[in-house]
Amino acid sequence: MIKAAPMRALLLLGPLLVFLGLFFVWPLVTVIAQSVSDPSVSRVLNRTAAAIDGWDGTGVPSAEVQAAFRADVVANTDDMAMGDVTRRLNATKSGFRSLMGKTVSAVKEDPDIDLARIDDRWTDTAYWQAIQDNASPYTDAFLLAALDLERDKSGNIAAMPEGTSANATILLRTLWTAGVVTFCCLVIGLPYAMIAASVQGWKRSVLLGAVLLPLWTSLLVRTAAWMIILQDNGIINQALMGLGVISQPLALIYNRFGVVLAMTHVLLPFMVLPIYSVLLTVPGNLMNAAASLGAHPVRAFLRVLLPLSFRGVVSGTLLVFMAAIGYYITPALLGGASDQMLSSVIAFYATGSANWSMAAALGLILLVLTLILYAVYNRLSRDPVEAR
Amino acid sequence: MSGAFISFQDATKDYGSVRVVENLNLDIARGEFVSLLGPSGSGKTTLLMMLAGFESVSGGTITLDGKVINDLPTYKRDMGVVFQNYALFPHMTVARNVAFPLEMRGEAKAVTAAKVKKALDMVQLGQLADRLPGQLSGGQQQRVALARALVFEPRVVLMDEPLGALDKQLREQMQLDIRELHHRLGLTVIFVTHDQDEALTMSDRIAIFNHGKIQQCAAPREVYDHPANRFVAEFIGETNLLDCKVSENAGETFSVTLDDGSVVAAHGLPGLVAGDRALLSLRPERIEILPAETDATATGQNRLAGEILDTIYQGDHLRVVIETAVGQIIARTDRKAQEWPVRARVMLTFRAADGWVIAP
Amino acid sequence: MMAMSLFKSVYATLIVGFLVAPLLVVLPLAFTSGAFLTYPIPSYSFRWFSELVENTVWSRAILNSLLIAGSTTVVATLLGTLAALGLRARNLVLSSQIRTLFLLPMVVPAVVLGVGMQALFVRFGINSTYLSVIVAHSVIAIPFVVISVSGALGGIDRRVERAAESLGARPHKVFFLVTLPLAMPGVASGAALAFATSLDEVVLTLFVAGPNQRTLARQMFSTLRENISPAIASAAFVIIVGTILVALLLLLMRRRSA
């Protein structure tokens with residue numbers, strides 16, 4: 001019985017471990033792999049890639065490498081894929097476009113032709129070097145591009161030219177929007193949690209219920225509600241125009257204001273609940289004790305209640321920020337084109353332009369950010385003494 | 001071993017590198033009421049859990065009725081266990097709780113119903129059969145737990161501080177009730193407690209635990225009057241312990257020299273020989289306080305001169321603190337006895353049979 | 001002090017309003033007879049509810065949602081409950097790491113998971129099937145089940161189970177007669193949360209579902225993007241009422257078992 005316990009635990013845990021391994025861990029591993037994989041050259045030129053690996057980078061590769069290259073060219077039937085390869089190689093060493101066109105038709109005619117006779121660029125080390133550099137199925141190009149970086153001709157990491165990529169802008173925008181939402185949640189949520197913890201009976205039930213109700217209600221429904229309220233002929237604009245405050249509807253939706261407002265509404269419970277639960281553990285008579293010791297209420301608040309609620313504030317802040325940086329639905333529905341956050345861009349790359357590697361690279365950045373925040377949160381919530 | 005119903009032989013329990021029960025030997029006869037008494041962490045509950053089968057045995061054997069039960073699963077052990085928090089099934093009625101062990105044994109419905117009724121009547125809860133445990137008071141829950149543990153006529157009843165959560169009055173009533181049930185049904189009971197009064201009240205024998213070992217296992221009177229060592233002497237009741245040296249050991253009677261050079265006669269543990277350092281244990285209520293000028297030599301009792309430091313009124317008795325040449329001594333006297341003024345010179349006397357010499 | 005408590009009341013009322021008002025605003029619009037989601041409501045009708053039922057796009061989506069959420073609930077509750085039971089074992093190696101793994105699906109951004117799932121499911125040849133959607137929903141519903149069942153199991157006094165064993169119950173009897181009934185409220189709320197999670201899921205659905213697996217939430221999402229039809233409010237009404245019903249059911253169950 002007692003010895004069978006670990007075995008039984010394994011049998012109980014096993015199904016879920018397998019399930020999550022297959023459908024949770026594996027997808028994430030796929031994302032990571034995708035973000036660093038660049039198979040376009042190595043797939044088409046697979047023999048060349050294998051043979052050129054041993055080349056020392058001086059002079060011209062051996063006859064075997066050249067033969068492998070010719071064999072790859074002959075074997076390839078997918079012109080699109082070859083076009084991809086050419087583009088990639090041309091990006092590393094310009095001149096490949098014309099060289100490859102010439103070479104492919106020549107080799108297809110005579111599979112044993114000497115490459116140097118087709119074009120004397122094949123005797124130039126730099127062209128072979130470009131093939132060797134691109135032969136690896138792995139690349140950091142996408143991860144660098146996700147941060148608006150690239151490798152220059154000599155292989156050093158450098159900033160992309162101004163205006164060619166907006167990924168860093170979007171990343172900063174995501175962090176900024178999440179920060180603003182978190183700040184709003186904190187400013188609204190902290191006093192609210194303190195009030196909720198300080199009252200009793202039905203008042204407390206109402207205050208808590210108001211927080212829990214949105215939490216229980218569909219995210220979509222809440223987002224839809226804000227769209228209805230904020231639209232040009234929504235009740236806010238109608239009311240303001242009815243009162244004669246404005247004559248044209250205010251733009252409340254499809255801009256940053258709408259996104260921040262709705263996200264604050266959606267995420268506020270995640271700020272209030274951790275602070276509230278920490279405050280509940282503070283003895284109710286502590287403020288009275290402070291007062292009896294001569295502390296002015298404001299001073300008692302700053303010196304007693306605020307430090308004690310600090311743990312909840314940190315937890316809530318991390319939770320809200322963590323959730324906010326990964327948000328998709330609310331910005332997608334309530335934001336304009338210039339309010340899109342990282343998630344929207346990832347979704348765009350994945351479904352819109354089918355650039356899987358770019359989507360995966362941005363996804364990996366988002367994933368790592370989230371996991372770091374979660375690790376900190378986990379650490380704090382598990383170790384109450386250290387967090388004080 | 002032949003007479004023992006339950007027997008622990010070198011029973012040992014390790015939690016990782018911590019040994020919580022160490023090479024423990026204990027025999028319990030059928031129909032006996034044995035209390036396991038000791039401070040928390042002394043291993044008494046662990047031993048009970050090993051007997052019940054909730055904890056594995058790290059070493060040694062446990063036998064029940066001549067059979068080794070080390071690896072017998074709990075559900076086959078046929079022992080009724082009563083837990084400190086009662087451990088009633090919160091989702092079942094009182095009657096279903098009590099019927100549970102009978103259902104597990106496949107008793108016929110009619111038999112079960114009759115036995116449940118009898119068991120509930122025995123603990124005077126027949127009218128609450130359809131309540132849920134949450135609707136009962138602590139004392140009522142305790143009695144349901146008792147009925148549930150007894151209804152299937154287990155071979156042994158194990159109780160783990162069953163009265164710990166009750167208030168004093170209820171606890172004393174339950175002590176008497178359990179004692180009465182034990183006599184009437186001829187139960188074998190093993191009862192874990194940290195309350196010495198409870199153990200003294202209820203037990204045939206008390207096993208006193210410390211650091212995973214039994215310090216002494218004997219009848220209540222024996223552990224109180226003749227503690228086996230310093231731990232037992234201090235743990236059970238209150239005592240004065242005076243440093244001394246054995247001058248003579250004639251079988252049961254000792255002659256010991258106190259630190260001030262005075263020689264007193266006392267009983268004590270065999271095994272101590274002349275010249276050994278020892279402790280003289282003197283129970284406060286066995287000391288008599290007499291005026292200093294009394295000539296007590298004639299009575300043949302031991303004498304110690306002293307001076308009253310304080311007298312404390314405790315309702316049913318007086319506690320007197322006396323300064324002597326061998327240190328402070330506490331004595332208990334009848335509340336009707338004479339009250340001594342502070343600084344009064346007095347003479348303390350006690351009979352040889354009331355002093356008990358133990359190893360230091 | 002008076003000013004202080006007045007400030008507190010006003011502030012609390014304002015925030016309660018902020019939290020609750022949007023939901024209250026949507027509900028009446030479900031009954032509008034107009035073609036737009038705006039106030040004032042011209043007159044009340046069930047026009048948009050009939051739209052939900054009669055328009056095959058909506059009715060199909062509702063059926064899909066019920067089917068997928070139902071299956072998700074079964075899968076997530078089963079796996080999550082078993083795992084929560086397994087996590088109870090004493091001296092379990094890596095138990096806190098395993099627990100963290102079980103909770104991670106709640107943390108990982110849905111878009112990232114969606115990208116990975118789509119890539120993998122395409123490779124398996126199961127993308128855009130009911131299976132892929134149910135699996136994806138189950139992954140993110142499981143943490144809720146694990147948390148709520150673990151909570152319920154944590155509330156069970158081990159001594160109650162020991163008592164059952166000492167009274168002669170074999171391990172499987174202890175489980176079915178004591179542990180499971182006592183954990184039932186947790187299992188039920190876990191199941192309800194799993195259902196609600198699946199019902200509301202959009203992001204993963206965008207990646208792993210095909211046109212045939214369009215769920216109610218997915219349909220609402222695209223309707224919101226394209227034209228804000230009052231059918232949205234009716235669908236929202238259905239979801240809100242459904243949620244309240246499930247919550248009440250749970251409350252009732254908890255009352256009964258307490």
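Start in chain B and select strands β16 (residues 302–313) and β17 (residues 317–324). They pair in the antiparallel sense over seven bridges. Strands here are DSSP runs of E, at least two residues long, and helices are runs of H or I, at least four long, numbered from the N terminus. Two strands pair if DSSP finds at least two bridges between them. Within this pair, pick Gly306(B): Thr324(B) in β17(B) stands opposite.

This is a predicted model: local features need pLDDT of at least 70, side-chain atom pairs count only at pLDDT 80 or more, and totals for chains, interfaces and linings use all residues. Residues are numbered from 1 along each chain as its sequence is written, while chains are lettered from A and ligands numbered from 1 in the order in which they are written.

Five strands of chain B form an open sheet in the order β15-β19-β16-β17-β18, with antiparallel pairing. At the edges are β15 (288–291) and β18 (327–334) of chain B, each pairing on one side only. Neighbouring strands of this sheet are turned by 45 degrees against each other on average, direction ignored.

Now show chains A and C together. Here 65 residues of chain A are in contact with 64 residues of chain C; contact means C-beta atoms, placed from the backbone, within 7 Å. Colour helix α1 (residues 5–36) of chain A, which gives the most to the side touching chain C, with 17 residues. That side of chain A divides into 51 nonpolar, 13 polar and one charged. Ala, Val, Leu, Ile, Met, Phe, Trp, Tyr, Cys and Pro count as nonpolar, Asp, Glu, Lys and Arg as charged, and the others, Gly among them, as polar.

Last stop: helix α12 (residues 219–230) of chain A and helix α10 (residues 216–226) of chain C. Their axes come within 11 Å and cross at roughly 20 degrees. Axes are lines fitted to C-alpha atoms, for helices over the stretch in contact, and angles run from 0 to 180 degrees between N-to-C directions. α12(A) and α10(C) are therefore roughly parallel to each other, the word for angles under 35 degrees. Show side chains: Leu220(A), Ala224(A) and Met227(A) meet Ala217(C), Met220(C), Phe221(C) and Leu224(C).

Definitions and conventions: Parallel < 35°, antiparallel > 145°, perpendicular 65-115°, else oblique. Contact = placed C-beta atoms within 7 Å.
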